[in-house]
Amino acid sequence: DKDKDKDKDKDKDKDKDKDRHINHRPSTEIQIQTENTQAEMSDNEFSGFGDGEEDAFGMDETNDDDDGFGGPDGAAADGDGGDGFPIDEEDGFGFGDDDEDGFGDGGEWGDGDGFGDGGDEWGADDAPMTMEEVLENQYREAIEKQGEEAVSLLTSLLDDEEEKTRWGFKSLKKLVKISQSAGDLDQARRHFERMMGYVTSKNLTMNLIESPLLNSLKFLSDRADIEELYELAMNTLQAANYDKARYRLMLFQGWKLLEAGQFARLEKFISELRQSCYNEGGDVDSSKNAQLKETLILEIARREACGQDDRLIMKSLYNEVKHIKTFMSARDKALVCSCGGKLYMFEHKWALAYRDFNEAFEGCDETAQRAQAICNLKYLVVACLLNIENTNVNPFAAARTKSYEGDAEIQPLKQLVVAFQQTDIFAFERVLSENIDTIVNEPFVKNYIELLRLGMRARALLKALTPYRRIYIRSLAEDLDIPAAEVERILVLLILDERLHATIDQVRGVIDITGESFSLATRYKAMQRWAARLRQVSYSLTRA
């Protein structure tokens, strides 16, 4: 049996070799066969049209009418099917359709074969367009036009509507803008009022309504009757039970009141907005956390704008906003973090203030609020210089600040940072004296100028004391151009802060640097280790 199997395997291998030999014929042999085949084709059925011979289809190919197709004698002229096919003048292909048997007389194809007639390509009947598709095409055609042509197309779309659709709503929004831009205020108002009629339509959802409506009101915000339009929109949204869209509209109007400086009306608006975020039990509706957060941000902005800087209230608002973990836009984040940075500055929490001012600066930079970005960059620099734990941090090292270094208000601050980090007290004072308006008298920064001077003088004193063990205070005062009393006060503060280990002889006016390297905390730790070792020794003695 094994021998038989081996013989079978050998036969199979031979067959494979034969197939391989047949399939791998020389290329010259293949080329010769191909040329012969092409020659046969040219002599028979594929002889080409218009050569005056009868082809395999039985057609005289003499091209009498220059249309690229030959035709028999007596065929119709060019354009009427003079191509060898019998033609029915009502048919785009020359296929007759005199009966309903699926085939025309004389072998022509009729309607029953699925190819149809009337000139359709292969006769396939396309599915009719829906009214929604027709309106969409009309709208897209209209928005590519300008002026009266666009108005005509949009008006025609509205006339063609059988029921209210989103394309009619979009068309009215476009008509509002066109009329308002053209100065036809009455027509713009009529279009807007008609637009409100679409809000209650069952064919439109809140998502389709909210954005176009807010954009239209934003475009109309300069009108004298804008308050009436706001009222109309809010009543319509309330009737349609679109509470979220109504809230967004009220919030939008609130920011407009802030821009207009109408703080009294804005306060009432904010009160109503906050009440809408609470349930009947007086607790915050968890589904409205995002709305509450946006309302609180608007309240922070109002207090900042009108100068109501009650720190306890602002701190409460800031903490509440930070506590709500929902999305916050870059603009809102910049506003909130700027508020937080100022609060931390008041509490002398320089590191936290630096963090918040940095986030505020980034938010303003992202939203192209250059003026606010410059303000926050100023505050960021001040917080950085006051933070003695990170005095070597350069706030201008970040790539985001590079585009601001050439600004007239930022250049002095950069010079101030360089002077501070190089402990050049004279350059530091010179920068301050030459930039009274941009630094010293800046409404927020001026509250921290003395602290900046104190920090600079402390650094200068520590650097001046480095080579000495004992030195007269008046000598330090002369070297640094600081009053002797001020030098002594700063030395006392340095000693109390444990940044300097020294004693002051006030009678002789001498400071004696002890060179003590152990701080109180280090001493306490050493004493704790000593006490622990004594307890171990005591325990060992009692067990002995």
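Modeller: Let's start with methionine 129, which is partly exposed, because its relative accessible area is 48%. Bear in mind that this is a predicted model. Methionine 129 sits in the loop between α2 (27-43) and α3 (131-142). Together with Met131 and Val134, Met129 makes up a nonpolar patch on the surface, and the three share about 240 Å² of accessible area.

For a contrast, hop over to aspartate 356, in helix α14 (residues 350-366). With a relative accessible area of 0%, aspartate 356 is buried. Leaving aside residues up to four places away in sequence, aspartate 356 touches Tyr318, Cys337, Gly340, Gly341 and Tyr344.

Next, the sheet. Three strands line up in the order β1-β3-β2, forming an open sheet with antiparallel pairing. β1 (470-472) and β2 (502-505) are at the edges with a single partner strand each, so one side of each has no neighbour in the sheet. From one strand to the next, the twist averages 20°. β2 pairs with β3 (residues 510-513) over 4 bridges, in the antiparallel sense. Threonine 503 stands opposite aspartate 512 in β3. Lying across β2 and β3 is helix α21 (residues 484-496), which runs at about 145° to β2.

Side chains of opposite charge can pair when their charged atoms come close. Arginine 489 forms a salt bridge with glutamate 486, their closest N and O atoms being 2.8 Å apart. These two are 3 residues apart in helix α21, which means about one helical turn separates them. Arginine 489 is partly exposed, with a relative accessible area of 41%, while glutamate 486 is buried at 17%.

A search of the whole structure turns up 29 salt bridges. One of them joins aspartate 332 to arginine 331, with the closest N and O atoms 3.4 Å apart. Aspartate 332 counts as buried because its relative accessibility is 9%; arginine 331 is partly exposed, at 38% relative accessible area.

Last stop: aspartate 225 forms a salt bridge with arginine 223, and here the closest N and O atoms are 2.8 Å apart. Both aspartate 225 and arginine 223 are buried. They also belong to a network of salt bridges that links Arg189, Glu193, Arg223, Asp225 and Glu228.

Key. Residues are numbered from 1 along each chain as its sequence is written. This is a predicted model: local features need pLDDT of at least 70, side-chain atom pairs count only at pLDDT 80 or more; totals for chains, interfaces and linings use all residues. Side-chain values use heavy atoms; hydrogens and water are left out. Patches are made of residues with over 30% relative accessible area and no salt bridge: like charges are joined within 9 Å, nonpolar side chains (Val, Leu, Ile, Met, Phe, Trp, Tyr) within 5 Å. Accessible areas come from the Shrake-Rupley method with a 1.4 Å probe; for residues, only the protein chains shown count as cover. A salt bridge is a side-chain nitrogen of Lys or Arg within 4 Å of a carboxyl oxygen of Asp or Glu. Buried means under 20% relative accessible area, exposed over 50%, partly exposed in between (1.4 Å probe, protein chains only). Two strands pair if DSSP finds at least two bridges between them. Axes are lines fitted to C-alpha atoms, for helices over the stretch in contact, and angles run from 0 to 180 degrees between N-to-C directions. Contact means heavy atoms within 4.5 Å.
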